[in-house]
Amino acid sequence: MLNPADLAAIWLTCKLATTTTVLLLLIGTPIAWWLARTRSWWKGPVGAVVALPIVLPPTVLGFYLLLLMGPDGAVGRFTEWAGVGLLPFTFWGLVLASVFYSMPFVVQPIQNAFEAIGERPLEAAATLRAAPLDAFFSVAVPLARPGFITATILGFAHTVGEFGVVLMIGGNIPDKTRVVSVLIYDHVEALEYGQAHWLAGGMVAFSFLVLLALYAFTGRKTR
Amino acid sequence: MSIKAHFRLDWPGFTLDAALDLPRRGVTAVFGQSGCGKTTLLRCIAGLERGAGRLEVNGEVWQDAGRFVPTHLRPLGYVFQDARLFAHLDVGRNLDFGMRRNRGAAMPGRDPIIELLGLGPLLERMPERLSGGEQQRVAIARALLTAPRLLLMDEPLASLDHARKQEILPYLERLRDELEIPVIYVSHAADEVARLADHIVVMEDGHTVAQGPLAETLARVDLPIRLGEDAGAVFEATVAERDAEWHLARVEFDGGELWVRDSGAAIGKRVRLRILARDVSIAASRHDDVSIMNMLPATVAAHAGEDHPALVMVQLRVGGTALLARLTRRSAQRLDLAPGRRVWAQIKAVALIG
């Protein structure tokens, strides 16, 4: 069965995924909006940077984030100056890394939804006296709801599933950075296959249910 | 008090260069072929496109060299060709969307407008469950509920089939008669224009080529060239007599009277008549041995060549009313139709268009 260390890891994983998803919805929505509507030359480069974590090995991402957040990195100098210390091997370090790591899984569904809505409903809103920000919240966001739901599910699930970045940035500190995927690795290293099964099986079940929910939802929408 | 505008917009392969001077009441039709820039002109007025130019509506400057009022601050209503109802809101909430955001301006009253457009039974439906005609009626009501001081309509009937058009046209006629605000109505359908407009702007290739009161402008001989088969005169008349035996009605207009099919309009009612140029022929003397029922003494006022070299367009004066007749150049020469010549206009068909 699950021991207290396992439960702590599960709790930490949920906390990390929830925090990351909430932050990503807040940060990713404006980015998705900009990417969906801009005609700027920067659309390509910015879109590519957002999508990088899809193709990069997590260790590469983790390596550069570690350097950035370290005492000689720009982020590290800033956090030390701000009095919060260094982020590597802390929960918030993991959050920051996860935000980058899961960014494309949140930005892209929302961007696609905004692109599908197009200019027309927003023009209609403008002729009905809605200022741009008003039209964004009262027309664009509700119409993009399926995109937001997909983004939330994928962002959460993808953060739960991260391993390489956590190992690079967070290490393996109980209650602080030891998430489920890392703990499974520990169990296997220690030949505790029974414990590993509980967590690994749980992950399989969780992932399956998440994807099932997602497909059920998107299937309903397109019918 | 009026609408004065000129816009210039340069796009690859298209230039809009349009000037407008419209009265502050009534329906102005912006008429022209697809792609002539009608919709672009309307979007410029709404502030959805930004070209160079100037726009003044009832003394307020909406656009000028250093000034561009954004769309949401312009007190206008816009009916798009594709309705553009908000898919996530039911009909009632679509109607409330603009109404709630319209602070300050006098409310036109939700219920009368719902009544006017016959929307009562639809209020709780989602837009996807409405027919094209119903969607368009909701879009019109939604625009009116913002208490606009200018109503812009972009081919509101173009996406509808004939039956749906006939369903909406009476509503549009009621609007025309009841609204106190100017309406700019973009259309490429001459019959809609003849039926609804009081004023017309003709556009061609991004340019405004003619504008003026409907009857006067339609009867110009230099414009029918562009209207082709749709060329014809539109004017108003009053029902004077109804003949039950033959199901005909006698209507009187400025310059004479005509017998038309009885449409059920009561005696004394003002009606609008349309006589196409191709339905008018000219005779040098009066003939009583032909099937044509309506023959009017007329004076040749002007003529001009048509797009086909065999044809000419002749403008006839019947009292205070102008008619157009399209005939072959050979007939025109044989009858010696110089301006000032007295002739008989034989009218094969008169359409009573509401």
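Helices here are DSSP runs of H or I with at least four residues, strands are runs of E with at least two, and both are numbered from the N terminus.

**Entry 1. Chain A overall.** I am working on a predicted model. I went through the elements of chain A from the N terminus on and got α-α-α-α-α-α-α-α-α-α-α. The tally for chain A is 11 helices and 0 strands. I then took the box of its C-alpha atoms along the principal axes, and chain A fills roughly 65 × 45 × 30 Å. Chain A has 223 residues, and 37% of them count as buried. I also looked at how far apart in sequence the contacts reach. Among contacts in chain A between residues at least 6 apart, 72% join residues at least 24 apart.

**Entry 2. H3 against H5 in chain A.** I picked two helices of chain A, H3 (residues 58-69) and H5 (residues 91-117). A pair like this is described by the angle between the axes and the distance between them. I read an angle of about 135° and an axis separation of 11 Å. That makes H3(A) oblique to H5(A). The crossing is right-handed. On the H3(A) side I listed A:Pro58, A:Leu61, A:Gly62, A:Leu65 and A:Met69 as making the contact. On the H5(A) side I listed A:Gly93, A:Leu96, A:Ala97, A:Phe100 and A:Tyr101. By class, this contact has 8 nonpolar, 2 polar and no charged residues.

**Entry 3. H6 against H7 in chain A.** Next I took H6 (residues 120-127) and H7 (residues 132-143) of chain A. Their axes come within 10 Å and cross at roughly 150°. Angles over 145 degrees count as roughly antiparallel, so H6(A) and H7(A) are roughly antiparallel to each other. This crossing is right-handed. H6(A) contributes A:Pro121, A:Leu122, A:Ala125 and A:Ala126 to the contact. H7(A) contributes A:Ala135, A:Val139, A:Ala140 and A:Leu143. I sorted the residues of the contact by class and found 8 nonpolar, no polar and no charged.

**Entry 4. A:Ala32.** I wanted one residue in H1 of chain A (residues 4-37), and A:Ala32 lies there. Is A:Ala32 buried or exposed? I counted 26 other C-beta atoms within 10 Å of A:Ala32. The cut-off for buried is 20 or more, so A:Ala32 is buried. Which residues does A:Ala32 touch, not counting those up to four places away in sequence? I found A:Val107, A:Ile110, A:Gln111 and A:Phe114. A:Ala32 and A:Val107 are 75 residues apart in sequence, yet their C-alpha atoms are 5.3 Å apart in space.

**Entry 5. Positive phi.** Most residues other than glycine have a negative phi. I noted two residues that go the other way. A:Leu191 is not a glycine, but its phi is positive, about 60°. A:Leu191 sits in the loop between H10 (180-189) and H11 (193-222) of chain A. With 9 other C-beta atoms within 10 Å, A:Leu191 is exposed. B:Asn58 is not a glycine either, and its phi is positive at about 50°. I placed B:Asn58 in the loop between strand E4 (52-57) and strand E5 (60-64) of chain B. B:Asn58 has 14 other C-beta atoms within 10 Å and is partly exposed.

**Entry 6. H4 of chain B.** I turned to helix H4 of chain B, residues 132-144. How many residues does H4(B) have? I counted 13. From first C-alpha to last, H4(B) reaches 19 Å, close to the 18 Å expected at 1.5 Å a residue. H4(B) is mostly covered, with 12 of its 13 residues buried. Among the buried ones I noted B:Gly133, B:Glu134, B:Arg137, B:Ile140 and B:Leu144. What covers the buried residues of H4(B)? The cover includes strands E7 (76-79) and E8 (150-154) of chain B. It also includes helices H2 (91-101), H3 (110-116) and H5 (162-178) of chain B.

**Entry 7. Where the chains meet.** Last, I looked at the contact between chain A and chain B. It takes 18 residues from chain B and 13 residues from chain A. On the side of chain B that touches chain A, E7 and H2 each supply at least two residues. By class, that side of chain B has 8 nonpolar, 7 polar and 3 charged residues. E7(B) and H2(B) were also in my notes on the cover of H4(B).

Note on methods: Residues numbered from 1 in each chain as written. Chains lettered and ligands numbered in written order. Predicted model: local features only at pLDDT ≥ 70, side-chain atom pairs only at ≥ 80, totals over all residues. Expected span 1.5 Å × (residues − 1). Contact = placed C-beta atoms within 7 Å. Axes fitted to C-alpha atoms, helices over the stretch in contact; angles between N-to-C directions. Parallel < 35°, antiparallel > 145°, perpendicular 65-115°, else oblique. Left-handed = near helix turned anticlockwise from the far one by under 90°. Nonpolar A, V, L, I, M, F, W, Y, C, P; charged D, E, K, R; others polar.
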